[in-house]
2 protein chains.
Amino acid sequence: MKMLINVPETVVADALRGMAAAHPHLTVDVENRVIVRRDAPVEGKVALVSGGGSGHEPLHGGFVGPGMLSAACPGEVFTSPVPDQMARAAAAVDSGQGVLFVVKNYTGDVLNFRMAEELAEDEGIQVASVLVDDDIAVTDSLFTAGRRGTGATLFVEKIAGAAADEGAPLERVESIARQVNESSRSFGVALAPCTTPAKGSPTFDLPPGELELGIGIHGEPGRERRAMMTSREIADFAVDALVTDLRPDNPVLVLVNGMGATPLLELYGFNAEVQRALGERGVVVAHTLVGNYVTSLDMAGCSVTLCRIDEELLRLWEAPVETPGLRWGR
Amino acid sequence: MKMLINVPETVVADALRGMAAAHPHLTVDVENRVIVRRDAPVEGKVALVSGGGSGHEPLHGGFVGPGMLSAACPGEVFTSPVPDQMARAAAAVDSGQGVLFVVKNYTGDVLNFRMAEELAEDEGIQVASVLVDDDIAVTDSLFTAGRRGTGATLFVEKIAGAAADEGAPLERVESIARQVNESSRSFGVALAPCTTPAKGSPTFDLPPGELELGIGIHGEPGRERRAMMTSREIADFAVDALVTDLRPDNPVLVLVNGMGATPLLELYGFNAEVQRALGERGVVVAHTLVGNYVTSLDMAGCSVTLCRIDEELLRLWEAPVETPGLRWGR
């Protein structure tokens, strides 16, 4: 499998150097693998720190900036960052108002963020954590006890980041983050597997003419394999599963997310079917985001995330954000 | 080849419906295939219209909005839009100050935009055109007499769009667009071919272990094939070719563009090598953009575009822009 890299061992460090060059508003500590808002710590504001394995870009490093994350810790590809990184990030961004860790529910991330919480608290930093576990495809998957954390991470980071930006105290930022996670559900589909630099060959086999329903963002097994379906059929399957689980009564935010190698042309076409499927089920859509946000290297496929919102969450969603991966103004 | 579509025949219409749902600030005429700023025509301002074959998203439809394009006309995949679309777009956005057509140098686009210019002028609309031909890889390629138009289209649309937004007259907007094109050079590389929905199989063969240097954004042949190279070697090759041709004395804008299926992680790593290669050749970088902007469906690979700027172009580049694909504030 051909890749645009030097050697697998330096992929993450090389990417961090490239991020540093492209985004002068971020401070990128390549050696310690921490990406921080240049203006951190921001006086009087709670800080948000997230992180996880690399290979899901722009998540998380691309979501660092005003209105979203204060810092991110990238691990090796599909591998949790280590507690030292997280604690270092917390120390870099804490203004004395405390730090919220946003943790995707994978065993390695959960354990390491827990250790980092202890390390940071030993340094006198107040830390709260929120676990993101929105993926309804399966429970107790590879790498995960319970549900996996996927697309809702973007909603949690954006909305809790806006609350922090407004000056909400740690307890409130934490409870908003928890509310967003509890109000969110995701379902993903793979059309073709991804290839990690270290392995150099596809991480799983997917025969021609078949797709995997309920795929994880590391290629973990989903619910089932089927003969290839149309965009319309996939949208109906995913939306059915999501609406059955979430039972939204309020308007929702929609994320139609590409896994990495699926063209934006196809993602937009798929979005048309998702909107139709939601409309047919009486679900009201407040905002929709279409693009590659929570990716899985060069996997082909997509995921849909719904987040049930109230007026407060909507207001926070619409608040300005200024990061490499997500950006809008007043 | 599996795709997230219904049938090949509706791919573009489906995508337009999906765009309409995701971007309420755009008016999407699905039947006539025109994407327009919702606030068009903007009183007292020159309008910018572009278009071309679909499959390069976010180009062009994703660049419609304040500070960039007034309208875009998507053709079928890798196929020029028709003159009627372009004339309709011009009529929809003209405020009486005239319209600039931004045309990538492909024979079909050139002919059709020329006919559209006549149609629009028959309607009393003042039209000027600028041809984008930045790709130094080859001349007189498949579909093109002269050099191909690729990544510089983004620079032309953004910078000329900013000039129009400031109220510059048509003649000035046109001359700025021409200056940007003349100051820009691109070079692309393919690691794996793309597959069009209509064909359903790769548009060209690229053996395992080989890459194509100088690829076009429709998979047109490049300069040569070689055994797979590292990110560092590709960056040196591309930057050498670009700097030799452009001979930049002023600072440059850099676009490190993904062809569609190359992970952002790899693009950032490649950017690190591009920056190193530029630095070693004494080229000063003002701003860098890394991501999928001028794509070729699911092709794996990347391109580098340099644009030599002066203070005025830099100011226009930095001006606010608010489109689905490119967005920043003051």
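Reader: Is Arg17(A) buried, partly exposed or exposed, and what is its relative accessible area?
Author: In this predicted model, Arg17(A) is partly exposed, since its relative accessible area is 35%.

Reader: Which residue does Arg17(A) form a salt bridge with, and how far apart are the closest N and O atoms?
Author: The partner of Arg17(A) is Asp14(A), and the closest N and O atoms of this salt bridge are 2.8 Å apart. Asp14(A), for its part, is buried, with a relative accessible area of 8%.

Reader: Where do Arg17(A) and Asp14(A) sit in chain A, and what separates them?
Author: Both belong to helix α1 (residues 11–22) of chain A, and because they are three residues apart there, about one helical turn separates Arg17(A) from Asp14(A). As a general point, side chains of opposite charge can pair when their charged atoms come close.

Reader: And what about Arg276(A), which residue does that one form a salt bridge with?
Author: Arg276(A) forms a salt bridge with Glu273(A), where the closest N and O atoms are 2.7 Å apart. These two residues lie in helix α7 (residues 264–280) of chain A, again three residues apart, so that about one helical turn lies between Arg276(A) and Glu273(A).

Reader: Are Arg276(A) and Glu273(A) buried or exposed?
Author: Arg276(A) is buried, and Glu273(A) is buried as well.

Reader: How many salt bridges are there over all chains?
Author: A search of the whole structure gives 38 salt bridges over all chains.

Reader: Switching to chain B, which side chain does Glu273(B) meet in a salt bridge?
Author: The side chain of Glu273(B) meets that of Arg232(B), with a distance of 3.8 Å from N to O. This pair links distant parts of the chain, because Glu273(B) is in helix α7 (residues 264–280) of chain B while Arg232(B) is in helix α6 (residues 231–246) of chain B, and the two are 41 residues apart. Glu273(B) is buried, with a relative accessible area of 3%, whereas Arg232(B) is partly exposed at 38%.

Reader: Which residues do salt bridges that share partners join into one network?
Author: The network contains Asp14(A) and Arg17(A) together with Arg232(B), Asp236(B), Asp240(B), Glu273(B), Arg276(B), Glu280(B) and Arg281(B).

Reader: New topic: where is the place of Ser296(B)?
Author: Ser296(B) is in the loop between β11 (285–291) and β12 (300–308) of chain B, and it is buried, with a relative accessible area of 0%. Leaving aside neighbours within four places in sequence, the residues in contact with Ser296(B) include His56(B), Phe78(B), Cys194(B) and His218(B).

Reader: Last one, at what angle do helix α5 and helix α8 of chain A pack?
Author: Helix α5 (residues 170–182) and helix α8 (residues 311–318) of chain A pack at an angle of about 100°, with their axes 12 Å apart, and α5(A) and α8(A) are therefore roughly perpendicular to each other. The contact is made by Arg172(A), Ile176(A), Gln179(A) and Val180(A) of α5(A), and by Glu312(A), Leu313(A) and Leu316(A) of α8(A). Of the residues in this contact, four are nonpolar, one is polar and two are charged.

Methods:
Residues numbered from 1 in each chain as written. Chains lettered and ligands numbered in written order. Predicted model: local features only at pLDDT ≥ 70, side-chain atom pairs only at ≥ 80, totals over all residues. Heavy atoms only, no water. Axes fitted to C-alpha atoms, helices over the stretch in contact; angles between N-to-C directions. Helix = DSSP H or I, 4+ residues; strand = E, 2+ residues; numbered from the N terminus. Parallel < 35°, antiparallel > 145°, perpendicular 65-115°, else oblique. Contact = heavy atoms within 4.5 Å. Nonpolar A, V, L, I, M, F, W, Y, C, P; charged D, E, K, R; others polar. Salt bridge = Lys/Arg side-chain N within 4 Å of Asp/Glu carboxyl O. Buried < 20%, exposed > 50% of the residue type's maximum accessible area, 1.4 Å probe, protein only.
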